Amino acid sequence: MKNIGKHKIVRFAGFACYSGLLLPLLGEVRPLASFPSTDRIWMGLEEGSIRPAAYEQVRASAEGDFALHASEGQMLQKDEKWATYDPEALDIERRALAVDEGKLKLLTSKNRADAEDAALRMSVELHEATGKRAEFEDVLKDSEVQETFKNRVREALGKIDQRIELLKKRLDPEKMERDLALETEEGELQVVRKRKQLLSLEKRSQLAAGFAGELRLSDSIQKKLAAVKSPEELLWVKANELLATIVNDQVYEISVMATSPSIAEIPSESLLVFLQEGQTGRLIDGEYSRTDEIDTGAEITRNYIFQIRKDFQDAARHSMGQRNLVHVYRKFSRPYRLVYKKDIALLAPDVLSANGWDGLVRHLWPGSEVMQVGPQTIAVKPKDEN
């Protein structure tokens with residue numbers, strides 16, 4: 001009998017576990033209003049670094065000669081040209097364009113002179129042909145001329161008429177101007193094409209500062225400068241070689257290469273980060289500024305940039321370039337209730353398993369809305385809060 005009783009107890013316990021859906025809650029559900037109110041939620045850790053907000057690394061686009069027009073540490077103004085790739089090739093293209101422009105002027109003048117000369121010759125020929133035609137008409141009117149000869153004259157007269165008609169068409173002033181314009185336009189198009197090619201080459205060859213900042217030459221360029229006799233001497237650079245960095249260190253920013261898919265799904269403008277400074281452990285906060293897309297060749301990655309507040313600039317300066325942990329938050333426009341997953345995970349495990357955190361929250365607090373699910377917490381909007 002004792003064994004039978006134990007069996008009944010075990011069977012009853014198993015039935016209770018199996019019928020968990022009939023027991024929607026396995027613990028006490030706190031009112032949603034009892035959870036803390038916050039306008040942000042922690043979304044995870046990433047790696048990031050601090051750098052000047054105005055910061056640009058310049059690399060050689062191709063192998064070749066490199067002419068430097070500025071010195072190490074020089075302050076550059078925005079759009080100031082500080083170096084040129086292959087200046088000799090650029091100079092050759094400029095001279096070639098100047099020659100082509102000169103040729104176009106000469107060709108235009110020559111074409112007009114040739115056209116005027118041709119018009120004069122055709123005018124003389126037309127005058128002669130008209131006079132010849134009048135002579136032939138007189139022959140045809142002469143009754144003493146044999147009919148056989150007149151037939152030959154008529155044949156010659158037909159050819160003269162054709163020639164006169166052709167000469168009149170060629171001597172049409174409007175047609176002559178159109179022909180000259182077409183010849184000139186063809187030459188001008190070739191020159192315009194070469195001008196655009198030169199502009200494109202200048203854009204690729206001439207390096208200009210995108211913002212006002214200090215020029216910091218790379219170690220390789222400084223070594224090459226030390227080996228040449230004159231600073232004006234051309235330097236040979238390799239493709240993708242680091243040439244210099246232009247820096248304006250008045251303002252700093254946090255750069256984060258986010259790897260978490262959940263962070264990529266968050267609206268960028270609502271991102272907020274706190275970088276943990278390496279020496280003191282102090283948190284430096286940054287607000288979202290922009291997203292830079294970087295083409296690595298194999299894929300395009302996103303680099304999130306955050307502006308550091310002015311009162312953190314000194315701390316940021318000491319941490320520049322170091323890789324540090326970055327706490328990533330999602331910021332809301334208004335406060336919501338922050339619910340820890342560990343506080344509700346065991347209240348209705350079957351619902352959590354079937355419908356996830358969103359379903360569990362709706363089950364525990366009907367009418368509530370999940371605003372964001374983080375690694376540890378959930379931002380929840382209560383039913384009665386607008």
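**Strands, cores and rings in a predicted model**

Val-373 has Ile-378, in strand 14, as its bridge partner. This is a predicted model, in which local features need pLDDT of at least 70, side-chain atom pairs count only at pLDDT 80 or more, and totals for chains, interfaces and linings use all residues. Residues are numbered from 1 along each chain as its sequence is written, and side-chain values use heavy atoms, with hydrogens and water left out.

Strand 13 (residues 369–373) and strand 14 (residues 377–381) run antiparallel and are joined by four bridges; pairing takes at least two bridges found by DSSP. Three residues sit between the two strands, and together they make a hairpin. Strands (E, at least two residues) and helices (H or I, at least four) are DSSP runs, numbered from the N terminus.

Now for the nonpolar cores: sets of buried Ala, Val, Leu, Ile, Met, Phe, Trp, Tyr and Cys residues joined through side-chain atoms within 4.5 Å. "Buried" means under 20% relative accessible area, exposed over 50%, and partly exposed in between, using a 1.4 Å probe and protein chains only. The largest core has 24 residues, and Ile-50, Ile-254, Leu-271, Phe-306, Ile-308 and Val-326 touch the most other members. At least two residues each come from strand 1 (37–59), strand 8 (242–256), strand 9 (271–276), strand 11 (300–308), helix 7 (313–318) and strand 12 (323–340). Strand 12 is the top contributor, giving five residues. Apart from this core lies another, of 21 residues, including Phe-211 and Leu-215.

Aromatic rings come next. Rings of Phe, Tyr and Trp (its six-membered ring) pair if their centres lie within 6.5 Å; planes under 30 degrees apart count as stacked, over 60 as edge-to-face and the rest as tilted. That rule gives six aromatic pairs. Phe-274 has 16% relative accessibility, so it counts as buried.

Phe-35 has a charged neighbour too: the charged end of Arg-30 sits over its ring, 4.0 Å from the centre. For that label, NZ of Lys or CZ of Arg must be within 6 Å of the ring centre and within 35 degrees of the ring normal.
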